[in-house]
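I opened this notebook to record what I looked up in the structure. The entries follow the order in which I worked.

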Amino acid sequence: MQLNDILNHTSEWLKGTGPHSDIVISSRLRLARNIEKLPFPHWASKKQGKSVLEMIQDAVGKSDLLNKMTVFILEDQDAVDKQFLVERHLMSYEHAQKTNSKAVIVDDDEVVSIMINEEDHIRAQVMQSGFNLIEAWNVINKIDDALAKELPFAFSGEWGYLTACPTNAGTGMRGSVMLHLPALVMTKQINQVLAAIAKLSFTTRGLYGEGTQATGNFFQISNQVSLGQSETDIIQSINNLIRQIIEQEGQCRETLLASNRGMLEDKISRSFGILKSAHIITSQETTELLSLVRLGCDLGIIKDINRRHVNELFLLIQPAHLQKIENKKFASQERDIKRAELIRKKFEK
Amino acid sequence: MTCDMCGKNLATVHLTEIIDDQMNELHLCEECAHKKSAQMGQQFGLSDLLAGLAGFEKQKDEKDGLSLKCPNCGMTFKDFKKLGRLGCGECYSAFRSFLGPLLKRIHGANLHCGKTPVSRIAKLTRKTRAAGGAGASSGAREAGTMDPPVKDTVQSLRARLQKAIETEAYEEAAKLRDQIKELEKGQHAEDKKE
C-alpha cells in the first residue's frame, strides 16, 4: 500500500457508522509498550534506536496478524507525507518531528496503526467509528499478544507495563473518544461539562490530540489513570462518562430544536450556504462551518447530504490532504482557494 | 404525561440524572425544562465530588535520591527530574523508593491490576505444569488465550488488594500483599532458572 492509496480510501473511523455516531465520531485505544532493558527512545543512542526499529519490524514480519500491514519509515517521507499521516490520525504530531529510527505501521482499513520509537518503543492504536471502545479493545488485545509473542516487554508484576513517562505505566492504555458537541457549546454548558471531566481524572483535548485546541466543537476525552485498574475497568469508566455526555448533548439538541428551531435552521443553512459559495476559505473556518452542517445532517435540517461525506470533508480540507489531492505543493493562500474549490465541488448537485 | 415540575403542561423533555449512583428521571414541559436546563450544567458539576481528589501529600525529601543511578541505562534520578521521562524499564527498580509514591500520586494506586504479557503467562503455565500443579491440565497455552489459572491467582489477588485498600481493610490488605509477594518470588526464581 502507498500513501496515495490511503488518499483514495475512507478511513474506517470516518465512516459515520457505529453506535451513537451522530455524537461520537470515533473511539480509539492505544497501548504503550517497551522492550525490556533497552533504553526508551529519548534516551537511546542512534544505534540503539535503529536496533529497536529492526527488532519490531522483525516481530511484525513474523506475525500472521501483522505482516500484511504497510511500514512507513519516517526518514523516507517528506514533510507533506508526514503531515498527511498526522491529519489521518495514523500518528501523532510529535512522531512527525525528529524522525530518527521512527516508523509507523498501518493496516489497509486504517483501523490499526503502530508507531515505533515515539515516546515509547511501541505505541499501538486501534480506531473504530462511533462509540465502540470494546471492539477496539478486542482488536488491540490481539495485536498486543502478537507482539508480546515475539518481543520481551518491559513489565513488572507490581507496576505493569513500564513506560517512558510514569503517567502511562500500568496498563499503558489510553482510551480516547472523539465527540461532536455543538449543542453543549451553543447552550454554553460545555465549560461546566469540561470542568467536571477534568476533576474526574479524564482529560479533554482538541481534534489532533495533546496540546491542540478544540475546533469545530470536537472534543477528545481520554482517561488519565492507567495503573491500578484493569483494562476493562478503565474502558467501563470511560464508557460511563461518555454515556452521560452523549445524553447531555442529546438533550441539549432536543431543547434547541424545541425552543430555537428557527435560529438553528438559520445558523445551519447559512453555514451550508457559505461552504457552497465561498472562493477563499481557511481550514479553521471550514471546520467551524462543517461542524454546523454535520449537526444539520444529524437533526434532519439538511436532508440530502450523507454524514459520511461531511466526515470525509473534515479530513480532505486539511493542508497536507489538499496538497496530496492536487499532487502539488501550495502556499497557505493558494490552499485557501483550492480548499474552497474542493468544497464547492463536493456539495455540487 | 404531565410535567413533574408544574404538573400542568404536557411533558416533552425527559431528563435522566444520575447522582451518587441514584438514577432520577424527570419528565418536564418545555417551559420547566428551560428553567431546569440552567441548573443542569451545575448538576453535572456535582459529580466532581465523586473524584474525591485527595490533597497532594507532601513529597518526600528527594535530595538524597538525586545521585541514584540506573545500572542498566545510566540515567540518574536528577536526569529524570529534569526530563520527566525515565531512561529504561530498569529505572523503575533503580528509583523505586521515589517512583512508588509518585505513581500513587499520579494514578491514585500503585499496583497493576491489568494484563500480563503472553510470554510471561506461558512461562508461568510451564512452571505449574512441571510442578504437576492443578489447573495445568489445559497444557501449553496458545498465545492470546486469556485467563490462565496461575495469572488469575496473582491478578485476582491484586484486584482484591486494591479493593481492600479502597475500603481501608488494612489487615486483609496486608495478608493479600504477602500472598502476592510469595507467589511472585516463586515466579522470579523460575524466571532466573530459565
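The model is predicted, and local features need pLDDT of at least 70, side-chain atom pairs count only at pLDDT 80 or more, while totals for chains, interfaces and linings use all residues. Residues are numbered from 1 along each chain as its sequence is written, and chains are lettered from A and ligands numbered from 1 in the order in which they are written.

Entry on chain B. I read its elements from the N terminus as β-β-α-α-α-α-α-α-α-α, that is, 8 helices and 2 strands.

Entry on two helices of chain A. I looked up α3(A) (residues 79–87) and α11(A) (residues 319–326), whose axes (lines fitted to C-alpha atoms over the stretch in contact) come within 8 Å and cross at roughly 120 degrees. The angle runs from 0 to 180 degrees between N-to-C directions. I noted the residues in contact (C-beta atoms, placed from the backbone, within 7 Å): Val80(A), Gln83(A), Phe84(A) and Glu87(A) on α3(A), with Pro319(A), Ala320(A), His321(A), Gln323(A) and Lys324(A) on α11(A).

Entry on the two chains. I found that chain A and chain B each bring 52 residues to their contact. On the side of chain A, α8(A) gives the largest share, 9 residues.

Terms used. Helix = DSSP H or I, 4+ residues; strand = E, 2+ residues; numbered from the N terminus. Contact = placed C-beta atoms within 7 Å.
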